[in-house]
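Open the model in a viewer and keep the sequence panel beside it. The stops below go from one selection to the next.

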Amino acid sequence: MSKIHAAITAVNGYVPDYVLTNHELETMVETNDEWIMSRTGIKERRILKGEGMGTSEMAVPAVEGLLKKRGISAEEIDLIIFCTVTPDLTFPATANILAHKIGATNAWGYDLQAACSGFLFGLATGAQFIESGKHTKVLVVGGDKMSSIINYEDRATCIIFGDGCGCALLEPNDEGLGIMDSILKTDGSGAQLLYQKAGGSVRPASHETVDNKEHYAYQEGQAVFKFAVTNMADVAAEVMERNNLTADDIAWLVPHQANKRIIDATANRTGISADKVIINIERYGNTTNGTIPLCLWEWESKFKKGDNLILAAFGGGFTWGSIYLKWAYNS
Ligand code: UT7
């Protein structure tokens, strides 16, 4: 009997309507479109507006669209893995909230937090339940409402991040297609270079933490950049080498969208030509857990069954990793 792989069988995405342009940011902080474009490649990002709107608000239309595309009902989902750093609430899990909102009454689920690498960690984790035969339909959601933890007076972070959510369905495949390999890494020594200082058990919310603006994302950009630029490129190259893949074998590189310069470095290191590198950072900025599934969603129609894809990410924590998969369907 041939090995069962976990294959992506449907993808979808959702971004909010409100477009926050570089020009609008120029009216909020000391910055300019030329600086943002040349340093990051970002032109605009989406923001989820409205009272009481959490990350699950974006996941609902994303997942409902996926179910429609795949022609299945929410009751058929076995497991929901919700990858996010901006859960609706600290607890219960946003996976639970989403399951309730979409009517996934037979699913169990949990949230997974690995910063910007979360969606890759989620895919690799979800794949285990498929490969073991435990489940046949695992939904991996990656999304963040980054605007809920961004200080729009801090030009070091507010120009980068945006809101958005994507999702992928994993199902068993016996044709040799799906997730073939993954390399995932963490290094806690970088924890304080990109993090939210307060709100956890070390420093619970207080008047002082709010006054000090410690509930916003804090980043030492240059230091993070140095780690990201080497590690994301190296791990993508490592997964290719260990599977005897050259750049010619790769149809698409799907990188986390943190900074165009980091994406270019990964493409150069792996030798993958620019026409095969998926980039939408210009329109969405860094949506953290949303970047990779949003790329898959937007490029889905170009993928062909059997295409070799390399997914790569780097995020706070630090976390980083790469997945090699064979695309399993023509859309
Ligand atoms: O997704 C998770 C992982 N995160 C990342 O991968 C992000 C990694 N880091 C980065 O992408 C980059 O470090 C940033 C985009 C955040 C910053 O770019 P940079 O090239 O590292 O800029 P910098 O912080 O070294 O600042 C260069 C200059 C400074 O001015 P001086 O000291 O040279 O006069 C900054 O004060 O640019 C200034 N600056 C800005 N100017 C206009 C910093 N932010 C801005 C801004 N607009 N928004």
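Begin with residues W252 and L309: W252 has L309 as its bridge partner in β12. The model is predicted, so to speak of local features a pLDDT of at least 70 is needed and side-chain atom pairs count only at pLDDT 80 or more, while totals for chains, interfaces and linings use all residues. Numbering starts from 1 along each chain as its sequence is written, and side-chain values use heavy atoms, with hydrogens and water left out.

Keep W252 selected and extend to β11 (252-255). Helices (H or I, at least four residues) and strands (E, at least two) are DSSP runs numbered from the N terminus. β11 pairs with β12 (residues 308-315) in the parallel sense over 4 bridges; two strands pair if DSSP finds at least two bridges between them.

Now show the whole sheet. It is open, with 4 strands in the order β8-β13-β12-β11 and mixed pairing. At its edges are β8 (178-186) and β11, each of which pairs on one side only. From one strand to the next the twist averages 10 degrees.

Axes are lines fitted to C-alpha atoms, for helices over the stretch in contact, and angles run from 0 to 180 degrees between N-to-C directions.

**The annotated site**

Select C116, H256 and N286, which UniProt lists for "active site" in an unreviewed entry. They span 171 residues in sequence, yet no two of their C-alpha atoms are more than 8.8 Å apart, so they gather at one spot. Of these residues, C116 is included in the lining of the largest pocket. On a 1 Å grid over the protein atoms alone, a pocket is an open set of points where a 1.4 Å probe fits, with protein on both sides within 12 Å along at least five of seven lines, and lining residues have an atom within 4 Å of a point. H256 sits in the loop between β11 and α9. UniProt positions are in the numbering used here, feature names are shortened, and annotations may be inferred rather than shown by experiment.

**Backbone details**

Go to A115, in the loop between β5 (108-112) and α5 (118-131). A115 is not a glycine, but has a positive phi of about 50 degrees.

Which residues does a cis peptide bond with omega of about 5 degrees join? Select F91 and P92; P92 is in the loop between β4 (79-83) and α4 (94-102).

End at G317 and F318, where the peptide bond is cis with omega near -15 degrees. F318 is in the loop between β12 and β13 (319-326).
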